[in-house]
Amino acid sequence: MRQDNRGVSLVEVMVVVAIMAVVGGVGIWGINAMSGKPAQQCAQKIVYSLERHRTSAMSKVDAVYRLDARDGKIYVDEYLTNDEGGVDLSNPPTTTAEIGASGVQVQYTLGADPTLYDLPLYLSFDRSSGAFKTQSGGGYCTKIIVTRGGREHTVTLVPLTGKVYIE
C-alpha cells in the first residue's frame, strides 16, 4: 500500500519561521530609520542634558554646555569650574556624552531670526536665576531643531526662565 502524507516536516517549518524573522527584522529596522526615532531620542536627550546642566550650573561658579557634532554623531560636553576666572574651553570637558546617532542633524536658531545655524552651540545659565545667558553675539538660542529620516523635532528654550521642552 502506498501512503500519501501531505504534511510538512519540522525542518520546513523552521526554515519558514527563520525567513519570516529575518524579513520582519529588516522591516522594523527600516520603519525605525524612516520614522525618525533616532531624532526623537536625540531631542529627548538634549532636553535631559540641558536640565541636568542647569542644575549643575546653579551649584557651581561657572559652567558652559557645548552641543557639537563629531565623527558623524552628536555629543554634549559640559565644562564646570569652581574658579572665579571662568571656564577655559581649551581644557578637556568635565563630562562628555554621545546623545545622537549617526545621520542625526542638529541646528539651532537665535532669537526671532529664522536662520538655522550649524553646531557647535555653547549655552550657559545664570547661576542666580537659572535663566539662559546671552550668546556671544548678544542674542539667545530659542530653538534646537533635530532632524533625521524626514522627521523634525524642535526643542524650545525659554531664555528668561531656562525652561526647555520638546514641541
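Author: Strands S1 (residues 62–70) and S2 run antiparallel and are joined by nine bridges. Strands here are DSSP runs of at least two residues (E), numbered from the N terminus, and two strands pair if DSSP finds at least two bridges between them. This is a predicted model, in which local features need pLDDT of at least 70, side-chain atom pairs count only at pLDDT 80 or more, and totals for chains, interfaces and linings use all residues. Residues are numbered from 1 along each chain as its sequence is written, and side-chain values use heavy atoms, with hydrogens and water left out.

Reader: Which residue in S2 is the bridge partner of Asp62?
Author: The partner of Asp62 is Thr81. S1 and S2 form a hairpin with two residues between them, and Asp71 in the turn has a positive phi of about 55°.

Reader: What does S2 pair with over five bridges?
Author: S2 pairs with strand S3 (residues 95–100), in the antiparallel sense. Ile74 has Gly100 as its bridge partner in S3.

Reader: Now the charges. How many salt bridges are there?
Author: The count is six, where a salt bridge is a side-chain nitrogen of Lys or Arg within 4 Å of a carboxyl oxygen of Asp or Glu. Lys73 forms one with Glu98, with the closest N and O atoms 3.9 Å apart. Lys73 lies in S2 and Glu98 in S3, so the pair ties together parts that are 25 residues apart in sequence.

Reader: And Asp68, buried or exposed?
Author: Asp68 is buried, at 13% relative accessible area; buried means under 20%, exposed over 50% and partly exposed in between, with a 1.4 Å probe and protein chains only. Asp68 meets Arg70 in a salt bridge (3.8 Å, N to O).

Note on methods: Helices (H or I, at least four residues) and strands (E, at least two) are DSSP runs, numbered from the N terminus.
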